[in-house]
Amino acid sequence: METVKMQDVSVIDLPWKIEYQSDRCTMCGSCVATCTFNAIEAGVERRSVTVSTGHQPSPTQRHSAVPVIRQKASLTNACVGCGMCEKVCPNRAIRPIRNLDSRQNLLARTGGATIKRGGRTNLNSDRTLDKIIVGRISQMTDPALDSERHTFDILAPFGRVLSPKELPLAAVGNDLKLTTSTPPVNWIYPVIFSDMSIGALSTRAWEAIALATAYLNEKHNMPIRMCSGEGGMPVKLMQSEYLKYTILQIASGHFGWNRIIKAMPEMKVDPAGILIKIGQGAKPGDGGLLPAAKVAPHVQAIRGVPKADLMSPPNHQGLYSIEESVQKMFLSMNAAFKFRVPVAIKCAASATSVSVYNNLLRDPYKICGGFFLDGIQGGTGAANEVSLDHTGHPIVSKVRECYLAAVKQGSQGQIPLWAGGGVGLTGNAAADAFKLLCLGANGVFLGKMLIQLCGCIGNEQGRCNSCSTGKCPTGICTQDPHLVRRLDIDKAAQNIVDYMLALDAELKKLMAPIGNSTLPVGRSDALVTTDKAIADKLNIQYAC
Amino acid sequence: MCRIGAIKSKVPFHPSKALYLMLPQQEGHDNSGFAMVMQDLYGRFAEYKDKPLLSVACTQKGNKLIEDFMDNNNFNPVYEWIPNISKRPGLDIKAMPYYIFRAYDYPEHYADTTPEAKAELLLDIRLALRELLEKAGQGYVYSFWPDVLTLKEIGDPRDIAEYFGLWKETDELTAKNIVVQCRQNTNYDIVRYAAHPFFLQGYTLCANGENTFYTKNKEFQKSLHRGYIGFESDSQNFLYTLHYVLHELKWPIKYYKHVITPLPFAEITTRSDRAELTAIRQSLGHLEINGPNTIIAMLPSGDMMTCCDSKKLRPVVVGRDENTLAIASEVCGINTILPDRDKTLDIYPNEREVVLINERLEVERWKQ
Ligand code: SF4
Ligand code: SF4
């Protein structure tokens with residue numbers, strides 16, 4: 001018998017256990033080959049077999065060695081429940097089962113290292129949005145519209161909007177004429193494809209999203225914009241017409257900006273906007289993190305860095321203060337594109353978001369073209385688990401508070417509010433978006449959901465979430481050329497396109513019954529909730 | 001549902017005409033109230049055209065509060081019209097004990113101030129009176145403006161008219177413009193302030209329909225101007241936006257429609273004034289209205305305007321003869337007061353159209 005020490009890690013300590021039926025298994029090896037986490041292996045087990053072949057029972061027992069597939073009892077090779085083995089097994093002989101008695105959290109900090117992973121929070125998946133219902137349905141006096149027949153204006157502003165009295169309009173006879181230019185504002189689809197970098201994503205996954213973006217614009221006339229994510233984008237794309245569908249991101253590491261700046265003279269069109277990333281909802285206190293395992297040669301090229309862990313600082317460093325450096329960045333970004341391209345800012349939702357928003361609203365230069373608030377349910381390619389699960393702020397009440405803060409000073413809509421971090425968590429992004437709009441958001445941004453449409457199988461219950469490992473089983477979050485090939489770009493793009501077309505139809509299905517042909521931004525009267533605490537907090541009607 | 005109407009005439013006419021315009025439409029308006037704003041007054045008020053005229057419904061105590069307040073603020077009454085009230089039992093009216101239609105002299109030190117300063121003063125006084133009466137629970141103040149009289153009450157319009165003696169066509173109280181409506185706001189509580197037409201600094205407006213952007217309009221308007229208060233009805237949004245566009249921003253009137261029902265972006269981009277229209281739609285997005293609506297507005301000049309929502313879910317019709325023009329939700333009302341007009345000249349404005357009628361009854365129509 002093998003000696004087992006009490007402290008040894010065993011399969012029962014791991015978060016997922018493999019259920020394996022050797023009688024179904026033909027030992028084809030597909031599962032072992034497909035498991036990117038090296039969590040299973042082929043082995044031999046000794047079996048005792050009793051047989052009786054005569055007319056009368058005459059049992060004989062013999063021992064035989066049988067080949068089997070078994071799970072490794074190792075923390076570094078723990079099964080993540082991705083289910084790829086089950087997917088590829090032709091005989092349904094193997095599948096992962098969640099282990100409720102896992103002790104992984106107690107064991108995984110070997111050597112004093114923090115637990116790192118990707119994905120999303122696994123603790124805070126409670127959903128306020130599902131407790132809110134669109135409860136004001138037009139019945140008689142204000143007829144509902146026909147979602148098929150009426151035309152709907154489904155567009156949201158990206159850019160700094162002036163107050164009516166600040167508009168440089170002068171009456172010339174019966175006409176108003178703009179006397180000077182106003183800050184640039186782009187009216188775009190109220191759903192932005194969120195900032196996921198090449199590096200965090202495989203080039204193919206990034207390309208799939210870019211492809212879907214272009215297709216939705218060119219073929220379906222949906223002005224969807226995609227944010228590059230930190231780290232830049234391929235120079236060829238920057239020099240192409242498609243740049244106009246892209247929002248370029250600059251984050252605290254400033255990765256990729258050298259190349260962007262160098263590409264500027266070559267740009268044929270302006271980008272759709274600039275997004276300065278201050279923080280991220282999934283891990284508010286941390287800067288970006290790209291583990292060395294994912295810094296493949298092309299990532300090194302795009303970002304202009306050697307192969308190493310790429311850590312962006314938690315804030316934008318300036319000589320004097322963060323405010324100053326952000327202000328400088330705003331000005332330089334605006335100036336870089338000669339004030340033709342709106343510049344927005346993305347922050348992690350926080351108890352302090354309202355004061356940040358107030359400061360932006362009161363900024364005399366009027367250079368902030370959008371406030372992107374990212375909630376705790378957002379995703380990330382890599383983070384410390386302690387940040388993922390224990391830091392952050394729910395998005396719904398925060399958006400509402402910011403909107404109401406603007407209402408108080410009559411400046412609603414001047415710095416468009418964009419909400420993200422958990423939008424579409426249950427797969428119903430249109431309903432989530434609609435409710436957030438009613439609460440005061442101008443639009444929403446989607447990230448995780450896009451990669452889920454590409455094939456990511458991660459979820460809030462601890463499945464996979466291995467985006468930091470470089471071993472993404474679906475080829476989405478890895479730079480390993482073998483794994484990346486698992487992703488079918490066209491199919492992934494097609495899924496995103498299909499989803500967005502349905503989302504558009506669903507938005508209309510929600511706008512029509514409340515009788516609105518334009519987006520119901522701030523129409524909190526359209527919402528009710530059966531939760532009194534939510535009603536009080538969001539200032540919407542309580543219903544029961 | 002509401003039915004709304006307005007009459008504009010080259011010759012002064014009696015309010016009974018407004019009743020004849022509205023009563024045939026009663027199937028649609030449920031006869032739950034009567035409210036009208038008269039502008040460009042003749043009869044008893046003809047000599048007091050430049051004197052601010054206070055229209056109030058109140059209690060005896062309220063009357064006293066007003067007298068003291070006006071006295072303290074150096075407004076001296078110069079003329080009061082006291083309607084010949086009928087107390088016939090059985091009249092369906094929730095009458096208030098006192099109705100004040102009183103013209104005042106400006107305080108002496110205001111004699112030489114600009115019209116703008118006077119306009120601000122009159123608004124301040126009305127708002128202060130409203131607060132005073134509201135706090136004490138003693139009455140309602142509808143308008144305080146030269147040459148404008150407002151009468152509103154809850155009940156059956158026929159009985160209200162009888163109560164105020166409005167069926168008897170005399171020369172005592174006439175006007176060249178009347179905007180009228182015959183229904184209380186039945187969506188919510190019956191409150192006198194919720195009955196259109198609404199009035200603010202020379203702008204009068206009534207609306208038929210439902211403004212589904214009420215909350216978002218209200219939240220924005222609240223911080224735009226001290227006079228934008230109450231919000232007892234979603235139709236007040238239209239008035240405040242009209243006042244904001246014309247009085248505050250001082251924009252040409254055609255931009256009002258661009259604010260309340262902006263063109264779809266796809267259409268804006270094809271126009272030569274797209275930069276201006278986009279800027280307007282952007283900055284005044286929270287004043288956009290939605291839902292089915294028709295409005296009738298009267299401007300300080302006496303010009304009248306009508307337009308509909310962008311889907312034309314509520315109709316309106318304009319009919320006229322040589323001397324009189326009427327606007328109404330339904331043509332049956334116009335047929336009653338202008339039976340011999342040339343009906344081929346009737347105008348049924350479409351969802352992008354604005355109709356403006358000036359002092360000489362010249363009609364200007366344009367597409368947004
Ligand atoms: S579920 Fe995924 S990680 Fe677990 S054994 Fe199967 S392939 Fe490997
Ligand atoms: S499938 Fe890939 S992208 Fe999805 S959670 Fe796993 S590692 Fe991350």
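This is a predicted model: local features need pLDDT of at least 70, side-chain atom pairs count only at pLDDT 80 or more; totals for chains, interfaces and linings use all residues.

1. Residues are numbered from 1 along each chain as its sequence is written, chains are lettered from A and ligands numbered from 1 in the order in which they are written, and side-chain values use heavy atoms, without hydrogens and water.

2. The residues around ligand 2 (a heavy atom within 4 Å) include Cys456(A), Cys464(A), Cys467(A), Cys472(A) and Cys477(A). By class, this shell holds seven nonpolar, four polar and no charged residues (Ala, Val, Leu, Ile, Met, Phe, Trp, Tyr, Cys and Pro are nonpolar; Asp, Glu, Lys and Arg charged; the others, Gly among them, polar).

3. Nine cavities of 30 Å³ or more are found in the whole structure (on a 1 Å grid over the protein atoms alone, sets of points where a 1.4 Å probe fits but cannot get out; lining residues have an atom within 4 Å of a point; volume is the space filled by probe spheres set on the points, which are joined across faces, edges and corners).

4. The largest cavity contains about 600 Å³ of space. Its lining comprises 45 residues, with Asp195(A), Met196(A), Gln280(A), Gly379(A) and Thr380(A) nearest the centre; 17 are nonpolar, 18 polar and 10 charged.

5. The second largest cavity, of about 280 Å³, is lined by 22 residues, and those nearest its centre include Trp187(A) and Lys216(B).

Note on methods:
On a 1 Å grid over the protein atoms alone, a cavity is a set of points where a 1.4 Å probe fits but cannot get out, and a pocket is an open set with protein on both sides within 12 Å along at least five of seven lines; lining residues have an atom within 4 Å of a point.
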